[in-house]
Amino acid sequence: LGAPFRAIGRLFGGGKKKKSRVERITEKDIKKFESVKANPVNQTQEQAKGMLVAPPSSLVQQSPQTTINPNPVVTPASLASQHLEKGRGLLNVHDLNAAIAELSAAVSLDPKLAEASSLLGVAYWRKGLRGQAHNSFEAAVKAQKDDPQILNNLGYLLYEMGEYDDAAKHLKRAAKLAPQDARILNNLALTQAERGNYDDAYKAFARALGDYTGHVNLAVRLQRHGQQKKAIKHLEKALALKPNSPDVLARLVELYDREDKPEKAHIARATLQTLRTLADASAK
(Lines give C-alpha, C1' and ligand atoms only; values in the text may rest on other atoms or scores of the structure.)
Protein backbone atom coordinates (compact mmCIF):
# COMPACT_ATOMS: atom_id res chain seq x y z
CA LEU A 1 0.00 0.00 0.00
CA GLY A 2 2.96 2.30 0.50
CA ALA A 3 3.99 2.09 -3.15
CA PRO A 4 1.38 4.53 -4.55
CA PHE A 5 2.33 7.11 -1.96
CA ARG A 6 6.04 6.73 -2.65
CA ALA A 7 5.11 7.09 -6.29
CA ILE A 8 3.58 10.48 -5.61
CA GLY A 9 7.08 11.80 -4.95
CA ARG A 10 8.07 10.93 -8.51
CA LEU A 11 5.35 13.24 -9.82
CA PHE A 12 7.62 16.08 -8.82
CA GLY A 13 10.72 14.83 -10.68
CA GLY A 14 12.12 12.05 -8.45
CA GLY A 15 12.49 8.33 -9.11
CA LYS A 16 13.82 6.33 -12.02
CA LYS A 17 12.87 7.14 -15.57
CA LYS A 18 10.69 4.60 -17.34
CA LYS A 19 10.83 4.10 -21.07
CA SER A 20 7.62 2.13 -21.33
CA ARG A 21 4.90 3.81 -23.33
CA VAL A 22 1.75 4.70 -21.48
CA GLU A 23 -1.65 4.65 -23.08
CA ARG A 24 -2.94 8.21 -23.54
CA ILE A 25 -6.16 9.28 -21.95
CA THR A 26 -8.91 9.52 -24.58
CA GLU A 27 -11.01 12.55 -25.40
CA LYS A 28 -13.94 10.62 -23.95
CA ASP A 29 -12.08 10.30 -20.65
CA ILE A 30 -11.17 13.98 -20.72
CA LYS A 31 -14.82 14.95 -21.12
CA LYS A 32 -15.67 12.60 -18.28
CA PHE A 33 -13.15 14.34 -16.01
CA GLU A 34 -14.46 17.76 -17.02
CA SER A 35 -18.07 16.74 -16.37
CA VAL A 36 -17.41 15.31 -12.91
CA LYS A 37 -18.22 17.70 -10.10
CA ALA A 38 -14.94 17.82 -8.23
CA ASN A 39 -15.33 18.08 -4.49
CA PRO A 40 -14.22 20.55 -3.25
CA VAL A 41 -12.74 21.93 -6.49
CA ASN A 42 -15.80 23.16 -8.39
CA GLN A 43 -18.15 23.24 -5.42
CA THR A 44 -15.74 25.39 -3.47
CA GLN A 45 -15.87 28.09 -6.11
CA GLU A 46 -19.60 27.88 -6.71
CA GLN A 47 -20.56 27.92 -3.06
CA ALA A 48 -18.20 30.72 -2.13
CA LYS A 49 -18.81 33.27 -4.86
CA GLY A 50 -21.62 35.67 -5.67
CA MET A 51 -23.84 38.20 -4.01
CA LEU A 52 -24.22 38.78 -0.30
CA VAL A 53 -27.69 39.02 1.19
CA ALA A 54 -27.78 40.02 4.84
CA PRO A 55 -30.04 38.00 7.17
CA PRO A 56 -33.29 39.64 8.27
CA SER A 57 -32.66 42.57 10.56
CA SER A 58 -32.83 41.55 14.20
CA LEU A 59 -35.74 43.69 15.27
CA VAL A 60 -35.54 44.40 19.01
CA GLN A 61 -37.99 42.13 20.79
CA GLN A 62 -40.19 43.84 23.28
CA SER A 63 -39.62 42.68 26.86
CA PRO A 64 -42.61 42.33 29.22
CA GLN A 65 -41.58 45.55 30.97
CA THR A 66 -41.38 47.57 27.75
CA THR A 67 -44.20 50.02 27.19
CA ILE A 68 -45.48 49.87 23.63
CA ASN A 69 -46.64 53.14 22.14
CA PRO A 70 -50.24 52.51 20.98
CA ASN A 71 -50.03 55.40 18.54
CA PRO A 72 -46.61 55.29 16.90
CA VAL A 73 -45.69 58.15 14.61
CA VAL A 74 -45.62 56.94 11.01
CA THR A 75 -42.83 58.57 8.99
CA PRO A 76 -41.49 57.92 5.48
CA ALA A 77 -38.40 56.39 7.07
CA SER A 78 -40.42 53.97 9.22
CA LEU A 79 -42.56 52.97 6.24
CA ALA A 80 -39.43 52.46 4.17
CA SER A 81 -38.05 50.13 6.85
CA GLN A 82 -41.26 48.12 6.79
CA HIS A 83 -41.08 47.73 3.02
CA LEU A 84 -37.40 46.79 3.35
CA GLU A 85 -38.16 43.95 5.78
CA LYS A 86 -41.00 42.67 3.63
CA GLY A 87 -38.80 42.86 0.54
CA ARG A 88 -35.97 41.00 2.25
CA GLY A 89 -38.32 38.20 3.31
CA LEU A 90 -39.72 37.88 -0.21
CA LEU A 91 -36.20 37.86 -1.64
CA ASN A 92 -35.24 35.04 0.72
CA VAL A 93 -38.09 32.89 -0.65
CA HIS A 94 -37.24 33.94 -4.23
CA ASP A 95 -40.52 35.80 -4.89
CA LEU A 96 -38.64 38.28 -7.03
CA ASN A 97 -41.49 40.33 -8.48
CA ALA A 98 -43.04 40.96 -5.09
CA ALA A 99 -39.61 41.66 -3.59
CA ILE A 100 -38.88 44.23 -6.29
CA ALA A 101 -42.21 45.95 -5.59
CA GLU A 102 -41.54 46.18 -1.85
CA LEU A 103 -37.91 47.22 -2.18
CA SER A 104 -38.74 49.80 -4.85
CA ALA A 105 -41.29 51.28 -2.45
CA ALA A 106 -38.64 51.41 0.26
CA VAL A 107 -36.20 53.21 -2.03
CA SER A 108 -38.87 55.68 -3.15
CA LEU A 109 -39.71 56.54 0.45
CA ASP A 110 -36.07 56.77 1.56
CA PRO A 111 -33.50 57.06 -1.27
CA LYS A 112 -30.70 57.06 1.33
CA LEU A 113 -31.67 53.62 2.62
CA ALA A 114 -28.65 51.88 1.11
CA GLU A 115 -29.65 48.35 2.10
CA ALA A 116 -32.93 48.64 0.23
CA SER A 117 -31.11 49.73 -2.94
CA SER A 118 -28.61 46.90 -2.56
CA LEU A 119 -31.27 44.22 -2.07
CA LEU A 120 -33.21 45.67 -4.98
CA GLY A 121 -30.07 45.21 -7.05
CA VAL A 122 -29.85 41.58 -5.94
CA ALA A 123 -33.47 41.01 -6.95
CA TYR A 124 -32.87 42.54 -10.39
CA TRP A 125 -29.68 40.50 -10.74
CA ARG A 126 -31.53 37.27 -10.00
CA LYS A 127 -34.02 38.13 -12.74
CA GLY A 128 -31.15 38.74 -15.16
CA LEU A 129 -31.77 42.48 -15.37
CA ARG A 130 -28.16 43.58 -15.05
CA GLY A 131 -28.71 47.18 -16.11
CA GLN A 132 -31.27 47.82 -13.38
CA ALA A 133 -29.14 45.88 -10.91
CA HIS A 134 -26.13 48.06 -11.72
CA ASN A 135 -28.13 51.25 -11.19
CA SER A 136 -29.41 50.00 -7.83
CA PHE A 137 -25.96 48.96 -6.62
CA GLU A 138 -24.50 52.30 -7.70
CA ALA A 139 -27.21 54.09 -5.73
CA ALA A 140 -26.48 51.90 -2.70
CA VAL A 141 -22.75 52.65 -2.83
CA LYS A 142 -23.46 56.35 -3.18
CA ALA A 143 -25.68 56.22 -0.09
CA GLN A 144 -23.25 54.12 1.97
CA LYS A 145 -19.77 53.86 0.47
CA ASP A 146 -18.13 51.88 3.29
CA ASP A 147 -20.46 48.88 3.42
CA PRO A 148 -18.49 45.75 2.37
CA GLN A 149 -21.66 43.87 1.43
CA ILE A 150 -22.78 46.58 -0.97
CA LEU A 151 -19.30 46.94 -2.45
CA ASN A 152 -19.12 43.17 -2.93
CA ASN A 153 -22.43 43.06 -4.76
CA LEU A 154 -21.46 45.83 -7.15
CA GLY A 155 -18.03 44.30 -7.65
CA TYR A 156 -19.40 40.86 -8.41
CA LEU A 157 -21.90 42.25 -10.90
CA LEU A 158 -19.09 44.11 -12.67
CA TYR A 159 -17.08 40.86 -12.69
CA GLU A 160 -19.96 39.08 -14.40
CA MET A 161 -20.22 41.92 -16.91
CA GLY A 162 -16.52 41.57 -17.77
CA GLU A 163 -15.54 44.95 -16.31
CA TYR A 164 -12.70 43.44 -14.30
CA ASP A 165 -10.74 46.58 -13.43
CA ASP A 166 -13.77 48.32 -11.93
CA ALA A 167 -14.79 45.08 -10.22
CA ALA A 168 -11.37 44.74 -8.62
CA LYS A 169 -11.51 48.31 -7.32
CA HIS A 170 -14.74 47.70 -5.41
CA LEU A 171 -13.84 44.18 -4.27
CA LYS A 172 -10.45 45.30 -2.94
CA ARG A 173 -12.17 47.92 -0.84
CA ALA A 174 -14.74 45.39 0.35
CA ALA A 175 -11.96 42.96 1.32
CA LYS A 176 -10.17 45.70 3.22
CA LEU A 177 -13.33 46.46 5.18
CA ALA A 178 -14.15 42.76 5.76
CA PRO A 179 -10.80 40.92 5.62
CA GLN A 180 -12.24 37.61 6.90
CA ASP A 181 -15.21 37.38 4.53
CA ALA A 182 -14.56 34.30 2.36
CA ARG A 183 -17.15 35.23 -0.27
CA ILE A 184 -15.67 38.67 -0.85
CA LEU A 185 -12.15 37.25 -1.02
CA ASN A 186 -13.24 34.56 -3.45
CA ASN A 187 -14.92 37.11 -5.71
CA LEU A 188 -11.75 39.21 -5.61
CA ALA A 189 -9.65 36.15 -6.50
CA LEU A 190 -11.85 35.32 -9.49
CA THR A 191 -11.59 38.91 -10.68
CA GLN A 192 -7.80 39.02 -10.30
CA ALA A 193 -7.50 35.77 -12.23
CA GLU A 194 -9.46 37.29 -15.12
CA ARG A 195 -7.10 40.28 -15.05
CA GLY A 196 -4.12 37.92 -15.29
CA ASN A 197 -2.93 38.81 -11.78
CA TYR A 198 -2.45 35.18 -10.80
CA ASP A 199 -0.27 35.79 -7.74
CA ASP A 200 -2.86 38.14 -6.27
CA ALA A 201 -5.61 35.70 -7.20
CA TYR A 202 -3.87 32.89 -5.32
CA LYS A 203 -3.39 35.04 -2.23
CA ALA A 204 -7.09 35.90 -2.15
CA PHE A 205 -8.16 32.29 -2.77
CA ALA A 206 -5.84 31.09 0.01
CA ARG A 207 -7.06 33.73 2.45
CA ALA A 208 -10.64 32.71 1.72
CA LEU A 209 -10.36 28.94 1.96
CA GLY A 210 -6.80 27.87 2.79
CA ASP A 211 -3.64 27.05 0.82
CA TYR A 212 -4.83 23.73 -0.60
CA THR A 213 -8.08 25.11 -2.00
CA GLY A 214 -6.24 28.25 -3.11
CA HIS A 215 -3.90 26.19 -5.30
CA VAL A 216 -6.75 24.06 -6.68
CA ASN A 217 -9.05 26.97 -7.46
CA LEU A 218 -6.31 28.92 -9.19
CA ALA A 219 -5.37 25.82 -11.19
CA VAL A 220 -8.97 25.60 -12.40
CA ARG A 221 -8.86 29.22 -13.58
CA LEU A 222 -5.44 28.77 -15.19
CA GLN A 223 -6.64 25.71 -17.06
CA ARG A 224 -9.64 27.62 -18.39
CA HIS A 225 -7.27 30.33 -19.61
CA GLY A 226 -5.09 27.80 -21.42
CA GLN A 227 -2.25 28.11 -18.89
CA GLN A 228 -1.76 24.34 -18.58
CA LYS A 229 1.81 24.33 -17.25
CA LYS A 230 1.03 26.86 -14.53
CA ALA A 231 -2.08 24.88 -13.63
CA ILE A 232 0.06 21.75 -13.20
CA LYS A 233 2.42 23.56 -10.84
CA HIS A 234 -0.43 24.63 -8.58
CA LEU A 235 -2.05 21.20 -8.66
CA GLU A 236 1.28 19.63 -7.69
CA LYS A 237 1.53 22.03 -4.77
CA ALA A 238 -2.00 21.09 -3.75
CA LEU A 239 -1.11 17.40 -4.01
CA ALA A 240 1.91 17.94 -1.77
CA LEU A 241 -0.48 19.31 0.86
CA LYS A 242 -3.04 16.51 0.40
CA PRO A 243 -1.42 13.48 -1.27
CA ASN A 244 -4.63 11.43 -1.12
CA SER A 245 -6.78 13.85 -3.11
CA PRO A 246 -8.48 11.97 -5.98
CA ASP A 247 -9.80 15.22 -7.45
CA VAL A 248 -6.33 16.69 -7.82
CA LEU A 249 -4.92 13.43 -9.19
CA ALA A 250 -7.71 13.20 -11.77
CA ARG A 251 -6.97 16.72 -12.98
CA LEU A 252 -3.24 15.97 -13.09
CA VAL A 253 -3.84 12.84 -15.17
CA GLU A 254 -5.68 14.97 -17.72
CA LEU A 255 -3.08 17.73 -17.80
CA TYR A 256 -0.06 15.41 -17.85
CA ASP A 257 -1.54 13.65 -20.88
CA ARG A 258 -2.20 16.94 -22.63
CA GLU A 259 1.31 18.19 -21.90
CA ASP A 260 2.89 14.91 -23.07
CA LYS A 261 4.21 13.80 -19.70
CA PRO A 262 3.49 10.05 -19.92
CA GLU A 263 5.49 8.91 -16.89
CA LYS A 264 3.88 11.42 -14.55
CA ALA A 265 0.48 10.59 -16.02
CA HIS A 266 1.13 6.89 -15.41
CA ILE A 267 2.08 7.47 -11.75
CA ALA A 268 -0.88 9.77 -11.11
CA ARG A 269 -3.28 7.34 -12.79
CA ALA A 270 -1.94 4.36 -10.83
CA THR A 271 -2.15 6.25 -7.53
CA LEU A 272 -5.67 7.39 -8.33
CA GLN A 273 -6.75 3.83 -9.13
CA THR A 274 -5.26 2.54 -5.87
CA LEU A 275 -7.08 5.21 -3.86
CA ARG A 276 -10.35 4.30 -5.54
CA THR A 277 -9.77 0.59 -4.89
CA LEU A 278 -9.07 1.28 -1.21
CA ALA A 279 -12.16 3.46 -0.97
CA ASP A 280 -14.33 0.73 -2.51
CA ALA A 281 -12.86 -1.86 -0.15
CA SER A 282 -13.54 0.37 2.85
CA ALA A 283 -17.12 0.93 1.70
CA LYS A 284 -17.70 -2.82 1.57
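## Basis of the model

Helices (H or I, at least four residues) and strands (E, at least two) are DSSP runs, numbered from the N terminus. The structure is a predicted model: local features need pLDDT of at least 70, side-chain atom pairs count only at pLDDT 80 or more, and totals for chains, interfaces and linings use all residues. Residues are numbered from 1 along each chain as its sequence is written, and side-chain values use heavy atoms, with hydrogens and water left out.

## Surface patches

V74 lies in the loop between α3 (41-48) and α4 (76-92). V74 counts as exposed because its relative accessibility is 60% (exposed is over 50% relative accessible area, buried under 20%, partly exposed in between; 1.4 Å probe, protein chains only). Together, V74, L79 and L109 make a nonpolar surface patch of about 230 Å². Patch residues have over 30% relative accessible area and no salt bridge; like charges are joined within 9 Å, and nonpolar side chains (Val, Leu, Ile, Met, Phe, Trp, Tyr) within 5 Å. Areas come from the Shrake-Rupley method with a 1.4 Å probe, and for residues only the protein chains shown count as cover.

A patch of positive charge on the surface gathers K229, K230, K233, K237 and K261. Lys and Arg count as positive and Asp and Glu as negative, with His and the chain ends not counted; the charge of Lys is placed at NZ. K230 is found in helix α13 (residues 228-241) and is partly exposed, at 41% relative accessibility.

## Helix α6

Helix α6 (residues 114-126) has 13 residues and reaches 19 Å from its first C-alpha to its last, close to the 18 Å expected at 1.5 Å a residue (1.5 Å times one less than the number of residues). The helix is mostly covered, with 10 of its 13 residues buried. Among the buried residues are L119, L120, V122 and Y124.

## Salt bridges

The count comes to 9 salt bridges (a side-chain nitrogen of Lys or Arg within 4 Å of a carboxyl oxygen of Asp or Glu). R130 and E160 form one at 3.6 Å, N to O. R130 lies in helix α7 (residues 130-143) and E160 in helix α8 (residues 148-160), so the pair ties together parts 30 residues apart in sequence.

E194 and R221 meet in a salt bridge of 3.0 Å, N to O. E194 belongs to helix α10 and R221 to helix α12 (residues 211-224), so parts 27 residues apart in sequence are tied together. E194 is partly exposed at 25%, whereas R221 is buried at 8% relative accessible area. E85, R88 and E115 are linked in a network of salt bridges.
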